Amino acid sequence: MNNPTSPAKGIARFIPGLALFKGISSTLLRTEFVVAITLFAVLVPSAMAYGDLAGVTPVAGLYVALGPW
C-alpha cells in the first residue's frame with residue numbers, strides 16, 4: 001500500500017505543525033512578529049483594565065481575553 005503523504009524527516013516528525021513554516025519568507029515572518037507584538041501591547045493592558053473595572057483581579061481579565069482564541 002502506498003502512503004500518499006511522505007513521512008516527515010528530522011525534528012518535523014515530533015512537531016507536526018513545523019511543516020507549515022517551510023514556505024514562509026523572512027519578510028513575512030518579520031511582519032507576523034510585528035503584528036504579534038502590537039496585538040500583545042494593546043490586548044494585555046486593556047484586558048487587565050477591564051478585569052479591574054469589573055471588580056475582579058486583573059489576571060481574570062487576561063483569562064477572559066483568551067476566550068475568543
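1. A nonpolar surface patch of about 920 Å² is formed by Ile 11, Phe 14, Ile 15, Leu 18, Leu 20, Phe 21, Ile 24, Leu 28 and Leu 29. Patches consist of residues with over 30% relative accessible area and no salt bridge; like charges are joined within 9 Å, and nonpolar side chains (Val, Leu, Ile, Met, Phe, Trp, Tyr) within 5 Å. A salt bridge is a side-chain nitrogen of Lys or Arg within 4 Å of a carboxyl oxygen of Asp or Glu. Accessible areas come from the Shrake-Rupley method with a 1.4 Å probe, and for residues only the protein chains shown count as cover.

2. The model is predicted: local features need pLDDT of at least 70, side-chain atom pairs count only at pLDDT 80 or more, and totals for chains, interfaces and linings use all residues. Residues are numbered from 1 along each chain as its sequence is written, and side-chain values use heavy atoms, with hydrogens and water left out.

3. One member of the patch, Leu 18, lies in the segment before α1. Leu 18 has a relative accessible area of 34% and is partly exposed (buried means under 20%, exposed over 50%, partly exposed in between; 1.4 Å probe, protein chains only).

4. The chain has 2 helices and 0 strands (DSSP runs numbered from the N terminus: helices are H or I, at least four residues; strands are E, at least two). Helix α1, residues 26-53, has 28 residues and reaches 41 Å from its first C-alpha to its last, close to the expected 40 Å (1.5 Å times one less than the number of residues). After α1 comes Gly 55, with a positive phi near 90°.

5. Leu 62 is partly exposed, at 27% relative accessibility.

6. Ala 65, also in helix α2, counts as buried at 16% relative accessibility.

7. Of the 69 residues in the chain, 6% count as buried.
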